[in-house]
Amino acid sequence: MTAGEWVAPALAVLLVAAFGVTVDGWTRHVHPALGARLLLATSALASAALLGTLAMLALPLVGQNDALADYARWSEAVFARSSSSGRVVALAAGVSLAVVIVRAAREIRGQQRATGTAESFRRAVGASRGEVVITADESLDAMALSSGVIVLTSGLVRALDASERRAVLTHERAHVSFGHHRYRQLGRLLAALNPLLSRVPNCLDYLTERWADEEAARATSRATTASALERTALLSAPKPPRARTAMHATAVAVELRVRALRAHPPALRWSRLLTPLLIVFALMLVTLMVSERTIDVLQLAGAFGD
Ligand SMILES: [Zn+2]
């Protein structure tokens with residue numbers, strides 16, 4: 001591998017890292033529904049580009065395998081010819097790929113377990129999707145489970161007035177009807193597949209909360225939604241945990257969300273989207289460069305026949 005061949009993979013890593021550290025910035029300046037959808041789409045593209053690059057860099061490792069070479073009818077000698085630095089890069093890419101696949105498998109298993117627990121709870125209480133369950137609990141909490149059940153505590157029902165209760169309920173219903181748990185699960189999976197996107201899950205937690213807040217504000221008012229959120233956070237005892245399947249009302253950035261509700265509704269500023277779109281576009285170009293080189297090598301090895 002020559003010095004020039006290092007440029008594309010290094011550039012891919014740098015671009016994904018740049019994407020990963022800028023997500024908090026641009027997503028705060030667009031409507032949360034657009035922000036969440038765009039963040040998920042661009043993160044998926046960034047992850048696919050980096051995983052594809054790793055797989056292509058690791059190709060010499062598997063290309064030299066006799067059985068695979070026989071099966072694919074290519075010349076393993078072409079892959080064996082790579083320089084020592086090329087072999088180090090292939091090995092590093094192969095190990096990284098194996099690590100992220102294990103991380104993703106672990107994350108999927110964790111999500112399946114958590115989804116199973118939420119589903120068992122739904123069946124145990126005999127509720128269907130979108131139904132509200134009120135638990136006899138003096139603490140203040142409201143949450144939407146991934147199984148579609150909305151849980152409110154009796155303490156919360158008593159502490160809020162009618163319009164605040166409506167705001168809380170609309171907020172939780174928005175989580176269920178827009179499938180926000182899927183955004184969060186996909187965000188965690190993408191971060192498992194690509195550690196450079198470690199900020200994406202927190203960002204998606206925040207955006208889906210803000211999205212549900214905006215739905216509640218539309219159904220009631222911005223002031224009512226803000227006061228319901230503030231009162232719930234103030235009167236609920238310790239900070240509720242961030243779980244894989246339960247979206248608690250006050251687990252995510254209450255202060256920031258109240259400030260956003262007290263300000264004007266978010267307007268779309270296209271200029272804010274330039275950074276992520278340009279980074280993803282540059283990443284696609286880099287991946288294309290790596291793909292072209294891989295196709296050249298495969299052609300040389302006779303993988304596409306005569
Ligand atoms: Zn919520």
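Leaving aside its neighbours within four places in sequence, which residues is Glu107 in contact with? Glu107 is in contact with Arg188, Leu189 and Ala192. Two residues are in contact if their C-beta atoms, placed from the backbone, lie within 7 Å.

## Model and overall make-up

This is a predicted model, in which local features need pLDDT of at least 70, side-chain atom pairs count only at pLDDT 80 or more, and totals for chains, interfaces and linings use all residues. Residues are numbered from 1 along each chain as its sequence is written.

The protein has 13 helices and four strands. Both are DSSP runs, numbered from the N terminus: helices are H or I with at least four residues, strands are E with at least two. Along the principal axes, the C-alpha atoms fill a box of roughly 75 × 45 × 30 Å. Of the 306 residues in the protein, 38% are buried. A residue is buried if 20 or more other C-beta atoms lie within 10 Å of its own, exposed if 12 or fewer, and partly exposed in between; C-beta atoms are placed from the backbone. Take the contacts in the protein with a separation of 6 or more: residues 24 or more positions apart account for 76% of them.

Glu107 lies in helix H6 (residues 84-125). Glu107 counts as partly exposed because it has 18 C-beta neighbours inside 10 Å. Pro32 is 75 residues from Glu107 in sequence, and their C-alpha atoms are 25 Å apart.

Ala162 belongs to helix H8 (residues 162-177). Ala162 has 9 C-beta neighbours inside 10 Å, so Ala162 counts as exposed. Ala162 and Ile101 are 61 residues apart along the chain, with 48 Å between their C-alpha atoms.

Helix H13 (residues 274-300) has 27 residues. From first C-alpha to last, H13 reaches 39 Å, close to the 39 Å expected at 1.5 Å a residue. The expected span is 1.5 Å times one less than the number of residues. Pro276, Ile279, Leu283, Val286, Thr287 and Val290 are the buried residues of H13. Gly302 follows H13 and has a positive phi, near 75°.

Leu283 sits in H13. Leu283 is buried because 24 other C-beta atoms lie within 10 Å. Neighbours within four places in sequence aside, Leu283 is in contact with Ala12, Leu15, Val16, Ala46 and Ala49. Leu50 is 233 residues from Leu283 in sequence, yet their C-alpha atoms are 8.4 Å apart.

Two packed helices are described by the angle between their axes and the distance between the axes. Axes are lines fitted to C-alpha atoms, for helices over the stretch in contact, and angles run from 0 to 180 degrees between N-to-C directions.

The axes of helix H9 (residues 180-193) and helix H10 (residues 200-219) come within 8 Å and cross at roughly 170°. H9 and H10 are therefore roughly antiparallel to each other. Angles under 35 degrees count as roughly parallel, over 145 as roughly antiparallel, 65 to 115 as roughly perpendicular and the rest as oblique. The crossing of H9 and H10 is right-handed. A crossing is left-handed if the near helix is turned anticlockwise from the far one by less than a right angle, and right-handed if clockwise.

From H9, His180, Tyr183, Arg184, Gly187, Arg188, Leu190 and Ala191 meet Val200, Pro201, Leu204, Asp205, Thr208 and Ala212 in H10. The residues of this contact are seven nonpolar, three polar and three charged. Ala, Val, Leu, Ile, Met, Phe, Trp, Tyr, Cys and Pro count as nonpolar, Asp, Glu, Lys and Arg as charged, and the others, Gly among them, as polar.

## H12 and its partners

H10 packs on helix H12 (residues 254-262) at an angle of about 40°, with the axes 11 Å apart. Their crossing is right-handed. Glu209, Arg210, Asp213 and Ala217 in H10 meet Arg257, Ala260 and Leu261 in H12. By class, this contact has three nonpolar, no polar and four charged residues.

Helix H11 (residues 222-235) also packs on H12: their axes come within 8 Å and cross at roughly 165°. That makes H11 roughly antiparallel to H12. H11 passes H12 in a left-handed crossing. On the H11 side, the contact is made by Arg222, Thr225, Ala226, Leu229, Glu230 and Ala233. H12 supplies Val254, Arg257, Val258, Leu261 and Arg262. The residues of the contact of H11 with H12 divide into six nonpolar, one polar and four charged.
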